[in-house]
Amino acid sequence: MASRFVPRLFLRRLRMRRRTQPISSLHEASAESAGVSGDRIFSPSGSWSPPDFQCVSRVFFSARPSSLDEGKGPAAIDYPSLLPEEEFHRLSDETIHDLLEKFEEYGDAIQIDDYEVDFGNHVLTLKLGSLGTYVINKQTPNRQIWLSSPVSGPSRFDWDAMSNTWVYRRTKANLFQLLEEEVGQLCGQPISLR
């Protein structure tokens, strides 16, 4: 019965030694004192015991991102400031239906092969033939409008009550302005979406 407690006591001492030694010497000290051989640890009594992975400690910390890091990844979702779901549906549906009408009018005014506007299942698709395809849809859980662009790639737009429009937080781009610039450039004729 006493031999059963020897490995636990030994491991406790090893843990205490790790807490008091500098980080650089932890590996050497634990290997010497624990009798490490490959992936096995031998206790003072000579019996084999599996490695004690619980004695390994790790330190994790997070730093507040600097202003230089702002453009490197998507902005975090500020859940407390999310729109109520009913308000989100009203605003996003209104926006997508307005874009649908404007794209249909624009298609009548320009001559592009395979220009097509589709809307179904809350997804608006603008096909510009060989120039590419835009996909615009609602993302209710995030309260965002997502855009897939053949020019700028994917973007996620949040409602900005101050400017009364949809804004991509990473680049501060306005949904309507971005579409006007890209579609106008691709098709060679300006488009007004506002």
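There are 6 salt bridges in this structure, a salt bridge being a side-chain nitrogen of Lys or Arg within 4 Å of a carboxyl oxygen of Asp or Glu. What you see is a predicted model, where local features need pLDDT of at least 70 and side-chain atom pairs count only at pLDDT 80 or more, while totals for chains, interfaces and linings use all residues. Residues are numbered from 1 along each chain as its sequence is written, and side-chain values use heavy atoms, with hydrogens and water left out.

One of the salt bridges joins arginine 90 to glutamate 87, with the closest N and O atoms 2.8 Å apart. Both belong to helix α3, and because they are 3 residues apart there, about one helical turn separates them. Helices here are DSSP runs of H or I with at least four residues, strands are runs of E with at least two, and numbering starts from the N terminus.

Next, the helix packing. Helix α3, residues 85–109, packs against helix α4, residues 175–187, at an angle of about 20° with the axes 13 Å apart. That makes α3 roughly parallel to α4, the term for angles under 35 degrees. The axes are lines fitted to C-alpha atoms over the stretch in contact, and angles run from 0 to 180 degrees between N-to-C directions.

Which residues make the contact? From α3 they are Thr95, Leu99, Phe103 and Tyr106, and from α4 Leu175, Phe176, Leu179, Val183, Gly184 and Cys187; contact means heavy atoms within 4.5 Å. They divide into 8 nonpolar, 2 polar and no charged. Here Ala, Val, Leu, Ile, Met, Phe, Trp, Tyr, Cys and Pro count as nonpolar, Asp, Glu, Lys and Arg as charged, and the others, Gly among them, as polar.

Now the strands, which pair if DSSP finds at least two bridges between them. Glycine 120 has valine 123 in β5 as its bridge partner. The hairpin of β4 and β5 has 2 residues between the strands, and asparagine 121 in the turn has a positive phi of about 55°.

β5 pairs with β6 in the antiparallel sense over 5 bridges, and leucine 124 stands opposite isoleucine 136 in β6. In the turn of that hairpin, glycine 129 has a positive phi of about 60°.

Strand β6, residues 133–139, also pairs antiparallel with strand β7, residues 144–149, over 5 bridges. Isoleucine 136 stands opposite leucine 147 in β7.

Finally, β7 and strand β8, residues 153–160, pair in the antiparallel sense over 6 bridges, and a hairpin joins them through 3 residues.

Definitions and conventions:
Parallel < 35°, antiparallel > 145°, perpendicular 65-115°, else oblique.
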